[in-house]
Amino acid sequence: QVQLVESGGGLVQAGGSLRLSCVASGSIFSINHMYWYRQAPGKQRELVAAIASRGTTNYADSVKGRFTISRDNAKNTVSLQMNSLKPEDTAVYYCAADISSRTTVRPYWGQGTQVTVSS
């Protein structure tokens, strides 16, 4: 069993900052890519940021220069530092990871954490 648990969401005013964290636990052999997605009401889930095991990162155009993804491989964690938040960043944020057990490689998802940015 593998679990991903997010923390750090909440309510913040426009221009403020939040830091999301996600920890993976369970029968983990290795973790490949780690991701942050978000889903706003009435919209499809979208990729916000991704980070490879060696640290290469990618961002959605809408968050470039404002959000920073990072990971700690020793602790099986991924974080998302969100600065200069805008009301349009309001969404449920999900972490995800491609995790290898000794026999399989598959994606796992967290339960999501709400981020609300007020104007």
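**Close-up views of the disulfide and the salt bridges**

**View 1. Cys22 is buried, with a relative accessible area of 1%.** The model shown here and in the other views is predicted. Cys95, at 0% relative accessibility, is buried as well. Both values fall under 20%, so both residues count as buried.

**View 2. A disulfide joins Cys22 to Cys95.** The S to S distance is 1.9 Å. The link connects distant parts of the chain: Cys22 is in strand 3 (residues 18-26) and Cys95 is in strand 9 (residues 91-100). The two cysteines are 73 residues apart. A disulfide is a covalent bond between the sulfur atoms of two cysteines. The structure holds one disulfide.

**View 3. Asp89 and Arg38 form a salt bridge through their side chains.** The N to O distance is 2.9 Å. Asp89 lies in the loop between strand 8 (77-82) and strand 9, while Arg38 lies in strand 4 (residues 30-39), so the pair ties together parts that are 51 residues apart in sequence. Are these two residues buried or exposed? Asp89 has 0% relative accessibility and counts as buried. Arg38 is buried too, with a relative accessible area of 6%. Side chains of opposite charge can pair when their charged atoms come close.

**View 4. Arg66 forms a salt bridge with Asp89.** The closest N and O atoms are 2.8 Å apart. Arg66 lies in the loop between strand 6 (57-59) and strand 7 (67-72), and Asp89 lies in the loop between strand 8 and strand 9, so this pair ties together parts that are 23 residues apart in sequence. Arg66 counts as buried because its relative accessibility is 10%, which is under 20%.

**View 5. Arg38, Glu46, Arg66 and Asp89 belong to one network.** Salt bridges that share partners join these residues. Asp89 is one of the shared partners: Asp89 pairs with Arg38 and also with Arg66.

**View 6. Lys64 and Asp61 meet in a salt bridge.** The N to O distance between their side chains is 3.1 Å. Where do these two residues stand, buried or exposed? Lys64 is exposed, and Asp61 is exposed as well. By contrast, Asp89 is buried, and so are Arg38 and Arg66. How many salt bridges does the structure have? The count comes to four.

Technical notes: Residues numbered from 1 in each chain as written. Predicted model: local features only at pLDDT ≥ 70, side-chain atom pairs only at ≥ 80, totals over all residues. Heavy atoms only, no water. Disulfide = S-S within 2.5 Å. Helix = DSSP H or I, 4+ residues; strand = E, 2+ residues; numbered from the N terminus. Buried < 20%, exposed > 50% of the residue type's maximum accessible area, 1.4 Å probe, protein only.
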